[in-house]
Amino acid sequence: MSLILSFIVTLIFGSMIILIRMKSSKRPASIKGIVLPPIMMSTGALMFVIPYFRVSGFDILEAVLMGLVFSLILIWTTKFEIRHQFVFIKRTKAFPVILMALLLIRLFIKYWISGSVEVGELSGMFWIMAFAMIVPWRIAMYFQYKSVAQKLAGNEEIA
């Protein structure tokens with residue numbers, strides 16, 4: 001029963017995150033909005049102070065590689081555009097589908113390895129994977145945003 005409840009709660013929260021991401025594309029993008037999420041998420045690294053959450057070197061490598069693969073998918077699907085003299089994240093129909101697919105893949109992996117890995121270590125691995133996913137994605141977003149913002153600034157000088 002707890003497995004089903006955990007799955008349902010994860011899907012609800014994942015759906016809420018997708019809705020928030022889609023609503024945010026209606027507002028202009030900003031450097032603060034791009035940079036703050038990984039900074040705020042970095043506080044989660046404090047969990048590794050407690051031995052219960054520590055992860056082995058090999059598991060760290062696995063989690064980072066998985067996060068990098070997921071980040072490539074997010075980088076590939078995140079684009080910016082100029083609308084109304086502001087920089088916006090370009091909405092794509094594939095983005096919510098990809099986010100939900102990544103969530104389902106993470107759920108599958110979590111339940112697949114949960115029998116052989118302690119709960120604390122599993123939590124640490126999934127935090128590492130999420131952080132390894134969001135940091136490269138947000139770095140790529142930052143550079144894409146700066147590129148589009150420079151084009152916007154260049155267009156304003158001409159006008």
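Helix α3, residues 57-77, has 21 residues and spans 31 Å from first to last C-alpha, close to the 30 Å expected at 1.5 Å a residue; the expected span is 1.5 Å times one less than the number of residues. Helices here are DSSP runs of H or I of at least four residues, and strands are runs of E of at least two, numbered from the N terminus. This is a predicted model, in which local features need pLDDT of at least 70 and side-chain atom pairs count only at pLDDT 80 or more, while totals for chains, interfaces and linings use all residues. Residues are numbered from 1 along each chain as its sequence is written, and side-chain values use heavy atoms, with hydrogens and water left out.

Within α3, Asp 59, Ala 63, Gly 67, Phe 70, Ser 71, Leu 74 and Thr 77 are buried (under 20% relative accessible area, with exposed meaning over 50% and partly exposed in between, for a 1.4 Å probe and protein chains only). These residues lie on the same side of α3 because they cover an arc of only 110 degrees around the axis, taken from the directions from the helix axis to the C-beta atoms. An α-helix has 3.6 residues a turn, so residues three or four places apart point the same way. On the other side of α3, Gly 57, Phe 58, Leu 72 and Trp 76 are exposed.

Strands β1 (residues 80-83) and β2 (residues 86-89) run antiparallel and are joined by four bridges; strands pair if DSSP finds at least two bridges between them. Glu 81 stands opposite Phe 88 in β2. The hairpin of β1 and β2 has two residues between the strands, and His 84 takes a positive phi near 55 degrees.

The largest pocket has a volume of about 730 Å³. A pocket is an open set of points on a 1 Å grid over the protein atoms alone, with protein on both sides within 12 Å along at least five of seven lines, and its lining residues have an atom within 4 Å of a point. Grid points are joined across faces, edges and corners, and the volume is the space filled by probe spheres set on them. Of the 25 lining residues, Ile 17, Leu 103, Arg 106, Ala 130 and Met 133 are the closest to the centre of the largest pocket. Helices α1 (2-24), α2 (31-41), α4 (94-113) and α5 (119-158) each supply at least two residues of this lining, and α5 gives the largest share, nine residues.

How values were computed
On a 1 Å grid over the protein atoms alone, a cavity is a set of points where a 1.4 Å probe fits but cannot get out, and a pocket is an open set with protein on both sides within 12 Å along at least five of seven lines; lining residues have an atom within 4 Å of a point.
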